Amino acid sequence: MRVRTKHLGVREVPDERIVEIRDGLYGFGGKERFALIEHGPESPFFWLQSLDEAGLAFVVMSPTLFRPDYAPAISRADLADLGIEDVKDALVLVLVVIPEDPRKMTANLQGPLVIHRGTRIGRQLISNDPAHGPRHLILEEMAARGART
Amino acid sequence: MLVLARRLNESIMIGDEVEIVVVALQGDQVKLGIRAPRSVPVFRKEIYEEIQRENIAAAQAGAGAAAAAADLLKGVKPPEKGPKP
């Protein structure tokens, strides 16, 4: 479908990249339909572009890039509501905040987006793991694991 | 805001499907039990507010900032693909 984006003009997005985030993101309720658009060929980011508001887009990424063992502590009830049996089968994306100094970019591991790969329906859920906070410094995490940057 | 006084083991109903029970009283702390359908998220307010703040910050990202950040991550393991049909 044709999508008016915040930063990329009008883009043609295949159906399999359209997701529904039930109840929207916290602070942005009511905006539930999004397109996942690749940021660039060598970029780990996706734009989570609202279909309901062209000016609303978030940067998201897979947390496994800097936290390979990331598994949000989600209740079975939350997963069942999405029809997900094991969170490892779901598409898990985290929101990225990029401040003026991009080296200080952070990822929100406490409020991931958990999306059923088949239905493409998901929610922003809260991880109950005390080690998952709302602001993890991405570059620091990667450096701590010896990743090449 | 509706203010109701409850004693230990008493409940409040919110609509037909949400129940809040006073489970324990310990000093200045009240322990609340919540029964809600699995589609209704329940969590501590400060966490809710923090996630909301981070979401709002995440929505600010400009194209330039995203490009600069992506450059810093270039060359790391290939990204995971989006949802498949």
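Predicted model: local features only at pLDDT ≥ 70, side-chain atom pairs only at ≥ 80, totals over all residues.
Trainee: Got it. How do the residues of the lining of the largest pocket divide into those classes?

Mentor: Twelve of them are nonpolar, five are polar and four are charged.

Trainee: What volume does the largest pocket have?

Mentor: About 530 Å³. Its lining takes in 21 residues, and the closest to the pocket's centre are D78(A), N128(A), P41(B), V42(B) and F43(B).

Trainee: Which elements give two or more residues to that lining?

Mentor: One from each chain: α1 (76–81) of chain A and β3 (29–35) of chain B.

Trainee: Is N128(A) buried or exposed?

Mentor: The cut-off for exposed is over 50% relative accessible area. N128(A) comes to 59%, so it counts as exposed.

Trainee: How far apart are N128(A) and R103(A) in sequence and in space?

Mentor: They are 25 residues apart along the chain, and their C-alpha atoms are 27 Å apart. Keep that pair in mind for a comparison with P102(A) and L139(A): there the separation is 37 residues in sequence, with 9.6 Å from C-alpha to C-alpha.

Trainee: Let's stay with P102(A), then. Where does P102(A) lie?

Mentor: In chain A, in the loop that runs between β7 (91–97) and β8 (106–107). To judge burial, use the cut-off of under 20% relative accessible area. P102(A) has 17%, so it is buried.

Trainee: Which residues is P102(A) in contact with, leaving aside its neighbours within four places in sequence?

Mentor: A65(B), A68(B), A69(B) and L72(B). Those partners belong to chain B, while P102(A) itself is in chain A.

Trainee: How about Q110(A): where is its place?

Mentor: Q110(A) is in the loop between β8 and β9 of chain A. With a relative accessible area of 10%, it is buried too. Apart from neighbours within four places in sequence, Q110(A) touches residues of both chains: L125(A), I126(A), S127(A), H132(A), G133(A) and P134(A) on one hand, and I47(B), E50(B) and I51(B) on the other.

Trainee: I'd like to read backbone angles as well. Which phi does D23(A) have?

Mentor: A positive one, about 70°, although D23(A) is not a glycine. You'll find D23(A) in the loop between β3 (18–21) and β4 (33–38) of chain A. Its relative accessible area is 45%, so D23(A) is partly exposed.

Trainee: And what is the phi of R120(A)?

Mentor: Positive again, about 60°, and R120(A) isn't a glycine either. It sits in the loop between β9 (113–115) and β10 (121–124) of chain A. R120(A) is buried, at 18% relative accessible area.

Trainee: Now the whole chains. How many helices and strands are there in chain A?

Mentor: Two helices and eleven strands. Reading from the N terminus, the order is β-β-β-β-β-β-α-β-β-β-β-β-α.

Trainee: What does the radius of gyration of chain A tell me?

Mentor: Set the value against what a compact globule would have. For 149 residues that would be near 15 Å; chain A has 15 Å, so the two agree. Its C-alpha atoms fill a box of roughly 40 × 40 × 25 Å along the principal axes.

Trainee: How many helices and strands does chain B come to?

Mentor: Two helices and three strands, running β-β-β-α-α from the N terminus.

Trainee: What share of the residues counts as buried in chain A, and what share in chain B?

Mentor: In chain A, buried residues make up 54% of the 149; in chain B, 24% of the 85 count as buried. Now take contacts between residues at least 6 apart in sequence. In chain A, 52% of them join residues at least 24 apart, whereas the figure for chain B is 0%.

Key. Residues numbered from 1 in each chain as written. Chains lettered and ligands numbered in written order. Heavy atoms only, no water. 1 Å grid on protein atoms, 1.4 Å probe; cavity = no way out; pocket = protein on both sides within 12 Å on 5 of 7 lines; lining within 4 Å. Points joined across faces, edges and corners; volume = space filled by probe spheres on them. Helix = DSSP H or I, 4+ residues; strand = E, 2+ residues; numbered from the N terminus. Nonpolar A, V, L, I, M, F, W, Y, C, P; charged D, E, K, R; others polar. Buried < 20%, exposed > 50% of the residue type's maximum accessible area, 1.4 Å probe, protein only. Contact = heavy atoms within 4.5 Å. Rg over C-alpha atoms; globule rule 2.2 N^0.38 Å.
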